Amino acid sequence: MGNAKQPGVRRRGRPPATDSAATKEAILLGARQLFGERGYGPVTNKDLAATAGITTGALYHYVESKLDLYLAVNADMQERIYDRFQKAEASEQTFIGKLEAVLEAAHEMNVEDPTLAKFVGVVRADIRRHPEIAEQLHSVNDERERFFLRIVDCGIETGEIRQEDRRLVREFIRLILIGLTEGTSDSIEAHRRAIDSVMAVLRGSLIRSVPIDPDDSDETKPIPTPNTV
């Protein structure tokens, strides 16, 4: 009798290996959703465990802290996104072709799993608010910069981009990506229109310059005289 197990007592042993991978995937998905919706600060370990369907104690079998889980979610997100981006980029030979392929891949992923784009968007804000995150993700940002600079360099090699405009085009790409993740990712339709508009601008089919007649400029127009009673 003394060795009998007491009913209702749960042991904190490591979960079976058969359940480990599925539980880890559930933790990452739930954390990505919570962080994407609320940001790093407001989310608690209790929230993270509940979303994954486990206890807070069980959560610590997989991660040591909330920061560790946040970094694991970011690493998982980067792997998912840039694996698709790299395959898309490699499928084309020109700057415009590569950029369009990457944007199309981004749209497909947003359709398949909107939590990815939401998390990408919130990371930028969390980096500004939480120095511990900024310190850990510095090298990740450098890798992203190199990826997009390679696309720009392709444009230089093909003659689509001038060498002196390398950094300008990189900032243009950065602006596009920020807009797609922070401004339109919540709406699939708006996201689609945004990508179509970007590509139309790059191809010169959306906006055209119109010559201005010097005689019609504001500088040559007389200043109207107020009516007097």
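Modeller: Before we start, contact here means heavy atoms within 4.5 Å. This is a predicted model, by the way.

Colleague: Good to know. What does phenylalanine 148 touch, leaving out residues up to four places away in sequence?

Modeller: Phenylalanine 148 touches Tyr82, Phe85 and Val102, along with Arg170, Ile173 and Leu177.

Colleague: And which residues touch the most other members in the largest nonpolar core?

Modeller: Phe148 is one of them, together with Leu69, Phe85 and Leu103. That core has 53 residues.

Colleague: Which elements give two or more residues to this core?

Modeller: Helices H1, H2, H4, H5, H6, H7, H8 and H9 do. The most comes from H4, which gives 10 residues.

Colleague: Nice. Switching to confidence: what pLDDT does the protein average?

Modeller: The average is 85, and 85% of the residues score at least 70.

Colleague: Which elements have the lowest and the highest mean pLDDT?

Modeller: Helix H8, residues 166–183, has the lowest at 87, while helix H2, residues 45–52, has the highest at 95.

Colleague: Where does pLDDT stay under 50?

Modeller: Over residues 1–14. The model has 6 contacts beyond four places in sequence for that stretch.

Colleague: Okay, charges now. How many salt bridges does a search of the whole structure find?

Modeller: It finds 18. One example joins the side chains of arginine 84 and glutamate 112, at 3.2 Å from N to O. Arginine 84 is in helix H4 and glutamate 112 in helix H5, so this pair ties together parts 28 residues apart in sequence.

Colleague: Is arginine 84 buried, partly exposed or exposed?

Modeller: Partly exposed, with a relative accessible area of 25%. Glutamate 112 counts as exposed, at 54% relative accessibility.

Colleague: What about glutamate 89 and lysine 98, buried or exposed?

Modeller: Both of those are buried. They form a salt bridge too, with the closest N and O atoms 2.8 Å apart.

Colleague: And which residue does aspartate 165 form a salt bridge with?

Modeller: With arginine 162, where the closest N and O atoms are 2.8 Å apart. Aspartate 165 is buried at 18% relative accessible area, whereas arginine 162 counts as exposed at 53%.

Colleague: Last one, the surface. Which residues make the nonpolar patch of about 290 Å²?

Modeller: Val201, Leu206 and Ile207 make that patch. Valine 201 is found in helix H9, and this residue is partly exposed, with a relative accessible area of 40%.

Note on methods
Residues are numbered from 1 along each chain as its sequence is written. This is a predicted model: local features need pLDDT of at least 70, side-chain atom pairs count only at pLDDT 80 or more; totals for chains, interfaces and linings use all residues. Side-chain values use heavy atoms; hydrogens and water are left out. pLDDT is the predictor's confidence in each residue, from 0 to 100. Helices (H or I, at least four residues) and strands (E, at least two) are DSSP runs, numbered from the N terminus. A nonpolar core is a set of buried Ala, Val, Leu, Ile, Met, Phe, Trp, Tyr and Cys residues joined through side-chain atoms within 4.5 Å. Buried means under 20% relative accessible area, exposed over 50%, partly exposed in between (1.4 Å probe, protein chains only). Patches are made of residues with over 30% relative accessible area and no salt bridge: like charges are joined within 9 Å, nonpolar side chains (Val, Leu, Ile, Met, Phe, Trp, Tyr) within 5 Å. Accessible areas come from the Shrake-Rupley method with a 1.4 Å probe; for residues, only the protein chains shown count as cover. A salt bridge is a side-chain nitrogen of Lys or Arg within 4 Å of a carboxyl oxygen of Asp or Glu.
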